[in-house]
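Here are my notes for you on this structure, as numbered points. Keep the picture open while you read, and look up each residue as it comes.

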Amino acid sequence: METSFLPTTLPTAKPLPAFRTLSTAASLRRHPRPRTSTIRAAITRGRKEETVATVREKLEGCYLLAGIKYEGLTVKQLKGLRDALPETCSLLVAKNTLVGKAIEGTPWEALKPCMKGMNAWLFVHTEEVPTALKPYRAFQKEERVEETNDFVGAVFEGKFYGPGDFKALETMPSRAEVYAKLLGALQGPATSLVTTLQAPARDVVAVLSAYVRKLEEEAGSA
């Protein structure tokens, strides 16, 4: 009768096949964790696109767009300036490249000559341009920054105005003054009417419409 004996040693555990380890490493390489720099770049790109969209939105119904050199101004000063502006105006601090992208292919593109340095942008949504510019002139005097933080340029009715041309904008007659002058010319000599018609086209049309309504009312009451 034969006698069997159990083995005195246990079998050694075999290592996992090498191909599994390599496969896992390759899988990690195929699905790397998102890098922080990539996330930041996406956020930055999103903010830039948002700024361009904001500029385009503010340009709707805008009569004048002016650049202001704001380098050196404090956050407190900028806040004070914003608070002093009328509701028809708004101030936006944005990079020249983003504003340039927003105005590309529009009449506001004439503003590109002043796309240098650090600028804030004044959007004027009223025909009363002189009234809209006065708060900043007052701010300059109060903060004593007439020489360091002036207008760098503006566009009004598709025309570019450099820093030395702002007097023409600040002395423009108000709409009421234009209306009064045109109505007076309509009742005066023809030469006076021709001179008055050199005013902006939209003012002339508006006043002529008002004058026609006035004549119709007078005829109706006669």
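1. Start with Glu157, which is partly exposed, at a relative accessible area of 44%. Here buried means under 20% relative accessible area, exposed means over 50%, and partly exposed is in between, with a 1.4 Å probe and protein chains only. Glu157 sits in the loop between β4 and β5 (159-161). Its phi is near 55°, a positive value in a residue other than glycine.

2. A word on what you're looking at: this is a predicted model, where local features need pLDDT of at least 70, side-chain atom pairs count only at pLDDT 80 or more, and totals for chains, interfaces and linings use all residues. Residues are numbered from 1 along each chain as its sequence is written, and side-chain values use heavy atoms, with hydrogens and water left out.

3. Now the overall layout. The protein has nine helices and five strands; helices (H or I, at least four residues) and strands (E, at least two) are DSSP runs, numbered from the N terminus. Read from the N terminus, the order is α-α-β-α-β-α-β-α-β-β-α-α-α-α. Of the 222 residues in the protein, 30% are buried.

4. Back to phi for a moment. Most residues other than glycine have a negative phi. Arg144 has a positive one, near 55°. You'll find Arg144 in the loop between α5 and β4, and it counts as exposed because its relative accessible area is 74%.

5. How many residues of α4 are buried? Six of its eight, so α4 is mostly covered. The buried ones are Asn96, Leu98, Val99, Gly100, Ala102 and Ile103.

6. Is Asn149 buried or exposed? Asn149 is buried, with a relative accessible area of 3%, and its place is the loop between α5 (129-143) and β4 (151-156). The side chain of Asn149 reaches the backbone oxygen of Lys69 at 2.7 Å. Also compare Asn149 with Glu71: they're 78 residues apart in sequence, yet 7.4 Å apart in space, C-alpha to C-alpha.

7. Next, have a look at Ser90 in strand β2. Ser90 counts as buried because its relative accessibility is 18%. Its side chain makes a polar contact of 3.4 Å with the side chain of Lys58. (A polar contact is a pair of N or O atoms within 3.5 Å; within protein, one must be able to donate a hydrogen and the other to accept it, and residues adjacent in sequence count only if both atoms are side-chain atoms.)

8. Last one: which residues form a positive surface patch? They are Lys48, Arg56, Lys95 and Lys101. Patch residues have over 30% relative accessible area and no salt bridge, and like charges are joined within 9 Å; a salt bridge is a side-chain nitrogen of Lys or Arg within 4 Å of a carboxyl oxygen of Asp or Glu.

Conventions:
Patch = residues over 30% accessible without salt bridge, like charges linked within 9 Å, V, L, I, M, F, W, Y side chains within 5 Å. Areas by Shrake-Rupley, 256 points an atom, 1.4 Å probe, with all protein chains shown as cover. Lys, Arg positive; Asp, Glu negative; His and termini not counted. Charge placed at Lys NZ, Arg CZ, Asp CG, Glu CD.
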